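I open this notebook to record what I looked up in one protein structure. The entries are brief and follow the order of my reading.

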Amino acid sequence: MTATDPTRFPPPPLPQQARMVEALLFAAAAPLSLRDMAARLPAGCDAPEALAHLRGQYDGRGVVLERIGDGYAFRTAPDLSFLMQDSTTEQRRLSRAATETLAIIAYHQPVTRAEIEEIRGVAVSRGTLDQLIEIGWVRVGRRRMTPGRPVTFVVTDGFLDHFGLENTRDLPGLSELRAAGLLDATPPDAPLPGLTLPREDEGDDAPAIAPDDLFEDEP
């Protein structure tokens, strides 16, 4: 019988396990997955049950426990976000090329550079993809098992976190984007419905078209 045998050293009660998960999430610099939590909790603890117990305790509070991709993190309750507006100290603006490239990756991932260029109708500069990777919204995915084995691009958990999404299935539909004034009404057979493509002479130096409430850093 080992020192970690749960029959010899039973796990702490569920409320104590929830406190441990709370401490881990509070100290974490990035969302923690259930696997991360389970690896740090004492033997015999039930990470999913402890997390569910903790989420119930934060229901209706000013801070809520949200799922972000495969991880979990504390965030300000959505209805109280207006209180944090004065805390925004940096604004991030994207060029038109970067905005469209990000949208294509989000809605079509995993997608190769050639596929992005085919949808946009113009070449994608390395600087555009580098910018999206640098700010942590896009990362390199798996290589395609096709000639040349091109890399693919996908959005990150940081992108989901910034826009308050649990996963890419929560991305707004085209009708919602048009209603918000973020997309122009274009024919349904356009390469990317509702997305206005730039002229070839605009490139990556085109004026930013992202509204402040979409491309500013959130508190």
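**Entry 1. Overall view.** I note at the outset that the model is predicted. I looked up the secondary structure and found nine helices and six strands in the protein. I then turned to burial: the protein has 219 residues, and 33% of them count as buried. For the surface, I recorded that the protein exposes about 13200 Å².

**Entry 2. Salt bridges.** How many salt bridges does the count come to? I recorded five salt bridges, with a nitrogen of Lys or Arg required to lie within 4 Å of a carboxyl oxygen of Asp or Glu.

**Entry 3. Asp161 and Arg75.** I found the side chains of Asp161 and Arg75 joined in a salt bridge, at 2.4 Å from N to O. Asp161 belongs to helix H7 (residues 157–162) and Arg75 to strand S3 (residues 71–76), so this pair ties together parts that are 86 residues apart in sequence. I checked the accessibility of both partners. Asp161 is partly exposed, at a relative accessible area of 23%, and Arg75 is also partly exposed, at 27%.

**Entry 4. Arg120 and Glu100.** I next looked up the salt bridge between the side chains of Arg120 and Glu100, where the N to O distance is 3.2 Å. Arg120 lies in helix H5 (residues 113–120) and Glu100 in helix H4 (residues 96–108), and this pair links distant parts of the chain, 20 residues apart.

**Entry 5. Arg144 and Glu115.** I also found a salt bridge between Arg144 and Glu115, whose closest N and O atoms are 2.7 Å apart. Arg144 sits in the loop between strand S5 (138–143) and strand S6 (151–155), while Glu115 is in helix H5; the two are 29 residues apart. I recorded Arg144 as partly exposed, with a relative accessible area of 25%. Glu115 is likewise partly exposed, at 27% relative accessibility.

Conventions:
Residues numbered from 1 in each chain as written. Predicted model: local features only at pLDDT ≥ 70, side-chain atom pairs only at ≥ 80, totals over all residues. Heavy atoms only, no water. Helix = DSSP H or I, 4+ residues; strand = E, 2+ residues; numbered from the N terminus. Buried < 20%, exposed > 50% of the residue type's maximum accessible area, 1.4 Å probe, protein only. Areas by Shrake-Rupley, 256 points an atom, 1.4 Å probe, with all protein chains shown as cover.
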